[in-house]
Amino acid sequence: CRHDATGWIQLARQQMDLPMASPPQQRVQPVSYPDSIRPVRLAASLDGTQLCVSSPWQHTVWCFTLDDRGMPLADSCSQVRLKFFPGHIAALPDGGWLIADAYGGHLAVVRHSTAATSVESAQTIFGHHIGGIDLSPDGQSLLITHQGLSRVAHSTRDDIHWGSVMQNVVSLIDVSSFRLSKQEFDRQRRVIPLGDTGNAAGDPG
């Protein structure tokens, strides 16, 4: 890792503006980082032993192994470059990370060890502007809020009025489905509309 992990994670009294992903009971200490990195999201693993940070402009995800005090272990920092701009992060029950596209619909499962961080699998959903990811209470599914821009509708009064141009939705995805083929992945994904004509929903951020 090019950057000293202790320069990223420091004990601090105040909470910084960097958004913190679930689980809330495992909140990790506020983060400091080199100016060139510009992270946008961070998340702690479900067992509190790892930290994952997304840096969209670097196309990079950074991962650390944490000690009992929530501080990085020496030489535990590793990184992986992605083909998209990484944004939201969700910790998976099996210890992996789901990384979502900050702008489009790309999704990647990333796994971290003390030796390296690597992409395990990748999928795409029809959508953009992913506003959040959460794990279902039973740990079996992921709920992803996002928008979908129609490929066939036009920005006419009728298409806009009837909600044909842009849809606000929640995608319900099985956590074990990311290794499936694209066709099988799309088949198991459920899409739940948010709002309807005359009862519109705002950005699912």
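Predicted model: local features only at pLDDT ≥ 70, side-chain atom pairs only at ≥ 80, totals over all residues.
Buried means under 20% relative accessible area, exposed over 50%, and partly exposed in between, with a 1.4 Å probe and protein chains only. Residues are numbered from 1 along each chain as its sequence is written, and side-chain values use heavy atoms, with hydrogens and water left out.

Four strands form an open sheet, a set of 4 in the order β5-β6-β7-β8 with antiparallel pairing. Strands here are DSSP runs (E, at least two residues), helices are DSSP runs of H or I with at least four residues, and both are numbered from the N terminus. Two strands pair if DSSP finds at least two bridges between them. The edges of the sheet are β5 (86–91) and β8, each of which pairs on one side only. From one strand to the next, the twist averages 25°; axes are lines fitted to C-alpha atoms, for helices over the stretch in contact, and angles run from 0 to 180 degrees between N-to-C directions.

Moving across the sheet, β5 and β6 run antiparallel and are joined by 4 bridges, with Ala90 opposite Leu98 in β6. The hairpin of β5 and β6 has 5 residues between the strands, and Gly95 takes a positive phi near 95° there. Gly95 is partly exposed, at a relative accessible area of 31%. Its C-alpha lies 8.3 Å from that of His112, although Gly95 and His112 are 17 residues apart in sequence. Strand β6 itself is mostly covered, as 5 of its 5 residues are buried.

Ala100 stands opposite Leu107 in β7, and a hairpin of 4 residues joins β6 to β7. The pairing of β7 with β8 is also antiparallel and holds 7 bridges, and His112 has Thr117 in β8 as its bridge partner.

Attention now turns to charged side chains. Side chains of opposite charge can pair when their charged atoms come close. With a salt bridge taken as a side-chain nitrogen of Lys or Arg within 4 Å of a carboxyl oxygen of Asp or Glu, the count comes to 4 salt bridges. One of them brings together the side chains of Asp94 and Arg111, at 3.0 Å from N to O. This pair links distant parts of the chain, with Asp94 in the loop between β5 and β6 (97–101) and Arg111 in strand β7, 17 residues apart. Asp94 is exposed at 52% relative accessible area, whereas Arg111 is partly exposed at 24%.

Arg179 and Glu120 form another salt bridge, their closest N and O atoms being 3.2 Å apart. Arg179 lies in the loop between β11 (166–174) and α2 (182–188) and Glu120 in strand β8, so the pair ties together parts that are 59 residues apart in sequence. Arg179 counts as exposed at 65% relative accessibility, while Glu120 is partly exposed at 31%. Asp94, Arg111, Glu120 and Arg179 are linked in a network of salt bridges.

A further salt bridge, between Lys182 and Asp186, has its closest N and O atoms 3.1 Å apart. Both residues lie in helix α2, 4 residues apart, which is about one turn of the helix. Lys182 is partly exposed at 35% relative accessibility, and so is Asp186 at 33%.

Which residues line the second largest pocket? The lining consists of Leu92, Pro93, Asp94, Val109, Arg111, Glu120, Ser121, Val175, Ser176, Ser177, Phe178 and Arg179. The elements giving two or more residues to this lining are β7 (106–112) and β8 (117–124). A pocket is an open set of points on a 1 Å grid over the protein atoms alone, where a 1.4 Å probe fits, with protein on both sides within 12 Å along at least five of seven lines; lining residues have an atom within 4 Å of a point. About 160 Å³ of space lies in this second largest pocket, the volume being the space filled by probe spheres set on grid points that are joined across faces, edges and corners. By class, the lining has 5 nonpolar, 3 polar and 4 charged residues, where Ala, Val, Leu, Ile, Met, Phe, Trp, Tyr, Cys and Pro count as nonpolar, Asp, Glu, Lys and Arg as charged, and the others, Gly among them, as polar.
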